[in-house]
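Have a look at the structure first, then read on.

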Amino acid sequence: MTNTAPRGDFRPPSINSDEKTTLLAFLDYLREAVVAKAIGLPDQQARTPGVPSGTSLLGLIKHLTAVEANWFEWAYLGADVPFRDDEAPPTADETADQLIGAYRDAIRRSNEIVAACADLDAPGARSLRETPPPSMRWVLVHMVEETARHAGHADILREHIDGSVGR
């Protein structure tokens with residue numbers, strides 16, 4: 001079981017800053033919203049698919065961990081790291097705490113890459129798509145979109161598990 005009680009409803013950040021700071025503040029808000037949906041559940045409930053497609057809270061977290069690493073480390077930075085399968089389900093020996101910890105580690109590495117980027121227009125080293133490498137701005141906006149979509153999925157999955165609602 002994850003080691004923290006579920007949080008109450010949180011509003012998006014009230015920030016009026018430069019573009020990079022604002023994008024990262026919203027992305028961090030969404031990342032924590034996803035994590036919050038798994039907090040307080042026994043591992044088995046967090047890993048149980050809530051829909052016929054097989055999506056679970058821990059599956060979403062593992063997916064987002066891979067997406068963070070693939071876009072920020074592998075694609076944008078061009079790091080010599082293995083490309084991660086973003087469709088791999090959690091294994092039986094991966095706990096919620098381990099998966100959340102891995103996600104938070106990926107977030108920390110991603111945020112370091114963003115912090116080191118002096119120009120949001122600068123293209124990355126490579127792309128995950130058959131397009132030229134996107135800019136950091138594009139990667140940040142894409143990650144806001146990707147994480148927001150899955151935060152909505154996590155909201156629904158958690159409500160189906162125990163009735164918890166809120167961000």
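**Helix packing and charged pairs**

Arg109 counts as partly exposed, with a relative accessibility of 22%. Keep in mind that this is a predicted model. Arg109 has a salt-bridge partner, Glu73, and a search of the whole structure turns up 12 salt bridges.

**The Glu73 and Arg109 pair**
- The closest N and O atoms of Glu73 and Arg109 sit 2.9 Å apart.
- Glu73 belongs to helix H3 (residues 57–77) and Arg109 to helix H4, so this pair ties together parts 36 residues apart in sequence.
- Is Glu73 buried or exposed? Glu73 is buried, because its relative accessible area is 9% and the cut-off for buried is under 20%.

**The Glu32 and Arg104 pair**
- Glu32 makes a salt bridge with Arg104, and their closest N and O atoms are 2.8 Å apart.
- Glu32 is in helix H1 and Arg104 is in helix H4 (residues 96–116), so the pair links parts that are 72 residues apart in sequence.
- Glu32 is partly exposed at 30% relative accessibility, and Arg104 is partly exposed too, at 37%.

- Arg149 and Glu146 form a salt bridge, with 2.8 Å between the closest N and O atoms.
- Both residues lie in helix H5, three residues apart, which is about one turn of the helix.
- Arg149 is partly exposed, with a relative accessible area of 38%, while Glu146 counts as buried at 7%.
- There's also a network: salt bridges that share partners join Glu19, Asp121 and Arg137.

**How H1 and H5 pack**
- Two packed helices are described by the angle between their axes and the distance between the axes.
- For H1 (residues 19–38) and H5 (residues 136–162), the axes come within 9 Å and cross at roughly 25 degrees.
- Angles under 35 degrees count as roughly parallel, so H1 and H5 are roughly parallel to each other.
- H1 passes H5 in a left-handed crossing.
- Which residues of H1 meet H5? Among them are Leu23, Leu24, Leu27, Leu30 and Val34.
- On the H5 side, the residues in contact include Leu140, Val141, Met143, Val144 and Ala148.
- Sorted by class, the contact of H1 with H5 has 14 nonpolar, two polar and six charged residues.
- Glu19 in H1 and Arg137 in H5 are part of this contact, and both also belong to the salt-bridge network with Asp121.

Key. Residues are numbered from 1 along each chain as its sequence is written. This is a predicted model: local features need pLDDT of at least 70, side-chain atom pairs count only at pLDDT 80 or more; totals for chains, interfaces and linings use all residues. Side-chain values use heavy atoms; hydrogens and water are left out. Axes are lines fitted to C-alpha atoms, for helices over the stretch in contact, and angles run from 0 to 180 degrees between N-to-C directions. Helices (H or I, at least four residues) and strands (E, at least two) are DSSP runs, numbered from the N terminus. Angles under 35 degrees count as roughly parallel, over 145 as roughly antiparallel, 65 to 115 as roughly perpendicular and the rest as oblique. A crossing is left-handed if the near helix is turned anticlockwise from the far one by less than a right angle, and right-handed if clockwise. Contact means heavy atoms within 4.5 Å. Ala, Val, Leu, Ile, Met, Phe, Trp, Tyr, Cys and Pro count as nonpolar, Asp, Glu, Lys and Arg as charged, and the others, Gly among them, as polar. A salt bridge is a side-chain nitrogen of Lys or Arg within 4 Å of a carboxyl oxygen of Asp or Glu. Buried means under 20% relative accessible area, exposed over 50%, partly exposed in between (1.4 Å probe, protein chains only).
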